[in-house]
Amino acid sequence: MANPSHVSRVFSLYKRILLLHRFLPIDLRALGDQYVKDEFRRNKTAAPEEVTVFMREWGNYRDTLQTQVLESARDRVKKVEFGAELSEGDLKLFQDEQVGQLYELMLESTKPNRQFDIQEEGFKK
């Protein structure tokens with residue numbers, strides 16, 4: 001059985017990320033929510049050394065997104081870019097499967113025609 005404090009930390013990180021996604025543009029939120037849910041589900045049975053890296057990297061994502069959300073709230077006039085550039089060194093650490101996932105995510109998030117036809121509550125197109 002998993003350590004209850006570890007489970008609590010994972011659940012807290014997961015919920016915080018989904019909360020921060022509420023501040024993203026609606027199509028990025030839908031894409032991001034699905035990706036986060038899939039990744040956390042896929043890594044439920046990861047080895048301890050993989051869990052350490054997983055938690056660190058998703059914690060970094062949470063911190064970056066939180067900074068960007070706060071920045072967007074402060075400066076509503078300027079359009080805030082969400083996300084961060086990956087260095088070549090970071091990319092070299094990825095496994096082939098991860099590079100493929102990252103590429104698919106990049107393609108999906110930069111499509112001119114959104115995959116998601118989501119309307120925010122209260123607004124009609």
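Read along the sequence, the protein chain runs α-α-α-α-α. That makes five helices and zero strands. The model is a predicted one. The chain has 125 residues, and 20% of them count as buried. Now take the contacts between residues at least 6 apart in sequence: 52% of them join residues at least 24 apart.

Start inside. In soluble globular proteins, nonpolar side chains tend to be buried together. The largest nonpolar core here has ten residues. They are Leu 13, Tyr 14, Ile 17, Leu 18, Val 36, Phe 40, Val 51, Phe 54, Met 55 and Trp 58. Three helices build this core: α1 (4–21), α2 (26–42) and α3 (48–74) each supply at least two of its residues.

Trp 58 is then in contact with Leu 13, Ile 17, Tyr 35, Val 36, Glu 39 and Phe 40. Leu 13, Ile 17, Val 36 and Phe 40 are core residues themselves. Glu 39, also touched by Trp 58, will come up again below.

Next, follow α3 along its length. This helix has 27 residues. From its first C-alpha to its last it reaches 39 Å, close to the 39 Å expected at 1.5 Å a residue. Its buried residues are Val 51, Phe 54, Met 55, Trp 58, Gly 59, Leu 65, Gln 68 and Val 69. What covers them includes α1 and α2. Val 51, Phe 54, Met 55 and Trp 58 also belong to the ten-residue core.

Leaving out residues up to four places away in sequence, Gln 66 touches Arg 16 and Leu 20. Arg 16 is 50 residues from Gln 66 along the chain, yet their C-alpha atoms are separated by 9.3 Å.

Turn to α2, where Asp 33 has its place. Is Asp 33 buried or exposed? Asp 33 counts as buried, because its relative accessibility is 14% and the cut-off for buried is under 20%. Beyond its neighbours within four places in sequence, Asp 33 is in contact with Leu 18 and His 21. Leu 18 is one of the core residues.

Now for the charges. Side chains of opposite charge can pair when their charged atoms come close. How many salt bridges does a search of the whole structure find? It finds six.

One of them joins Arg 42 and Glu 39, with the closest N and O atoms 2.6 Å apart. Both residues lie in helix α2. They are three residues apart, about one turn of the helix. The two partners differ in cover. Glu 39 is buried, with a relative accessible area of 10%. Arg 42 counts as partly exposed, at 45% relative accessibility. Recall that Glu 39 is also among the contacts of Trp 58.

A second salt bridge links Glu 57 and Arg 56, where the closest N and O atoms are 3.5 Å apart. Glu 57 is partly exposed, with a relative accessible area of 42%. Arg 56 is partly exposed as well, at 45%.

The side chains of Asp 63 and Arg 62 also meet in a salt bridge, 3.0 Å from N to O. Asp 63 counts as partly exposed, at 39% relative accessibility. Arg 62 is partly exposed too, at 26%.

Finish on the surface. Which residues form a nonpolar patch there? Tyr 103, Met 106 and Leu 107 do, and together they have about 290 Å² of accessible area. Leu 107 is found in helix α5, which covers residues 96–109. Its relative accessible area is 38%, so Leu 107 is partly exposed.

Definitions and conventions: Residues are numbered from 1 along each chain as its sequence is written. This is a predicted model: local features need pLDDT of at least 70, side-chain atom pairs count only at pLDDT 80 or more; totals for chains, interfaces and linings use all residues. Side-chain values use heavy atoms; hydrogens and water are left out. A nonpolar core is a set of buried Ala, Val, Leu, Ile, Met, Phe, Trp, Tyr and Cys residues joined through side-chain atoms within 4.5 Å. Buried means under 20% relative accessible area, exposed over 50%, partly exposed in between (1.4 Å probe, protein chains only). Helices (H or I, at least four residues) and strands (E, at least two) are DSSP runs, numbered from the N terminus. Contact means heavy atoms within 4.5 Å. The expected span of a helix is 1.5 Å times one less than its number of residues. Patches are made of residues with over 30% relative accessible area and no salt bridge: like charges are joined within 9 Å, nonpolar side chains (Val, Leu, Ile, Met, Phe, Trp, Tyr) within 5 Å. Accessible areas come from the Shrake-Rupley method with a 1.4 Å probe; for residues, only the protein chains shown count as cover. A salt bridge is a side-chain nitrogen of Lys or Arg within 4 Å of a carboxyl oxygen of Asp or Glu.
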